[in-house]
Amino acid sequence: MSTPSQHRRNITPAVLEALADTPVVVIHGARQTGKSTLAQQIADGPYPATYLSLDDLTLLGTVTNDPAGFVAGLTGPVVIDEIQRVPELLLAIKASVDRDRRPGRFLLTGSAHVLALPRLADSLAGRMEVQTLWPLSQGELRGQSENFIDALFADEGLTFPGLTPIAPQSLINMILQGGFPEVTTRTSPMRRKAWFNAYVTAVIEREVRDLSNVAGLTELPRLLGLLAARAGSLLNYADLARDAGMNQVTLKRYVALLNAVFLTINVRPWFTNRAKRLMKSEKVYMVDTGLLAHLLNISGDDLSHDPHAKGALFENFVAVEIMKQRTWSTIMPDIYHYRDYAGSEVDLVLEAPGGRKVVGIEVKASATLRKKDLKGMMDLRRLLGKKFHRGFVVYTGDTVVPFGENIYGVPVQYLWAK
């Protein structure tokens with residue numbers, strides 16, 4: 001595999017397209033996903049621009065003291081890295097863009113969800129496009145761009161080319177490694193552990209502090225661990241608050257902060273006004289399965305012998321691969337989950353814009369599939385009627401298994417097949 005700096009990031013064409021017609025483009029995502037590297041590569045090549053980083057303490061002081069003066073002194077296109085460190089800079093950028101609406105003037109990066117930054121959504125509405133950079137996808141690790149999501153929504157029939165089976169240990173290694181570029185170069189479990197220890201500390205002590213004045217930073221690592229233990233499960237705030245020993249108001253604020261710095265992802269429930277018996281709770285996932293395994297202290301032996309641990313991490317693995325691919329798909333579906341009060345569920349529900357097509361994805365960490373594994377998908381198809389386009393049960397076996405009209409069991413490697 002390539003070294004971290006050599007990986008081609010699949011959102012690059014989308015970023016360049018946005019720069020061609022939008023004054024401000026933001027690349028945001030978790031810390032250490034390669035945002036700075038991507039921005040520098042773009043500025044050095046297809047989008048010639050001056051690169052400035054707010055990690056530079058001298059520059060940070062200058063910008064903090066006089067954001068408007070700093071922006072007024074800029075000439076030509078500019079990349080500003082780590083924009084969340086000076087949120088006030090966004091108002092100065094807005095004023096500058098209002099005077100000059102030429103596209104591609106500012107390429108910004110940030111390690112916090114830009115919509116969580118003070119006043120950003122209002123100040124740059126209509127002037128900004130946001131692109132999310134995730135940890136490396138399995139396709140990016142292999143130097144290819146996956147089109148699994150677009151294939152799911154295509155009108156024509158699916159084709160399933162033959163693929164080389166994945167050995168169980170290879171899949172375990174993918175899950176434990178995750179996609180953070182630097183971690184992909186570390187083969188030693190101890191060296192990965194050291195990296196993740198430092199990573200969690202840096203995100204909580206720096207990114208969260210930049211985003212919000214939180215008094216109880218010491219409580220966040222425990223809360224993060226409690227959320228990791230619930231990965232792939234419904235988020236019950238009352239139970240979580242009890243286990244965390246905090247009130248629900250504080251808890252929800254902290255959960256929102258962990259989402260804002262891209263450590264956790266909440267997936268909303270899918271429901272319609274016709275479906276009164278559907279659960280309205282969100283599901284929670286971690287941004288990376290390497291990080292999830294670290295927080296849960298799960299090893300390769302654990303995944304080999306503990307079906308519950310394997311199931312949780314495998315579901316999280318598939319879910320984040322789908323979320324990564326969404327950022328460069330042409331469909332850009334909304335992602336939900338489905339569950340009713342009788343316990344019928346589908347892990348991911350992908351809905352095309354306007355709700356005209358819906359695709360269901362269920363995840364099973366087993367090499368064989370049983371009829372009961374399809375219950376949730378069948379219920380979803382019955383509920384949706386003609387809007388149900390396709391259903392997939394992603395599993396660890398080696399063959400495609402048709403299950404009636406437009407429902408298939410598919411090996412996990414189809415997610416990143418060419």
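T37 counts as partly exposed, because its relative accessibility is 33%; buried means under 20% relative accessible area, exposed over 50%, and partly exposed in between, with a 1.4 Å probe and protein chains only. T37 is found in helix α2, residues 35-44. Helices (H or I, at least four residues) and strands (E, at least two) are DSSP runs, numbered from the N terminus. From T37 to T264 it is 227 residues in sequence and 23 Å in space, C-alpha to C-alpha.

A word on the source. This is a predicted model, where local features need pLDDT of at least 70, side-chain atom pairs count only at pLDDT 80 or more, and totals for chains, interfaces and linings use all residues. Residues are numbered from 1 along each chain as its sequence is written, and side-chain values use heavy atoms, with hydrogens and water left out.

Next, helix α5, residues 89-99. Its buried residues are L89, L90, A92, I93, S96 and V97. Seen down the axis, they fall within an arc of 155°, so they line one face of α5; the arc is that of the directions from the helix axis to the C-beta atoms. An α-helix has 3.6 residues a turn, so residues three or four places apart point the same way.

Now the aromatics. Rings of Phe, Tyr and Trp (its six-membered ring) pair if their centres lie within 6.5 Å; planes under 30 degrees apart count as stacked, over 60 as edge-to-face and the rest as tilted. By that rule there are eight aromatic pairs. F148 and F392 are edge-to-face, because their ring centres are 6.0 Å apart and their planes stand at 65°. F148 lies in helix α8 (148-153) and F392 in strand β11 (388-395), so this pair ties together parts 244 residues apart in sequence. Both F148 and F392 are buried.

F180 and W195 have ring centres 5.3 Å apart and planes at 45°, so that pair is tilted. Both F180 and W195 are buried. Together with F196 and Y199, F180 and W195 form one aromatic cluster.

Last, two helices. The axes of α11 (220-229) and α13 (248-260) come within 11 Å and cross at roughly 80°; axes are lines fitted to C-alpha atoms, for helices over the stretch in contact, and angles run from 0 to 180 degrees between N-to-C directions. α11 and α13 are therefore roughly perpendicular (65 to 115 degrees; under 35 is roughly parallel, over 145 roughly antiparallel, the rest oblique). L220, L223, L224 and L227 of α11 meet L251, Y254, V255 and L258 of α13, contact being heavy atoms within 4.5 Å.
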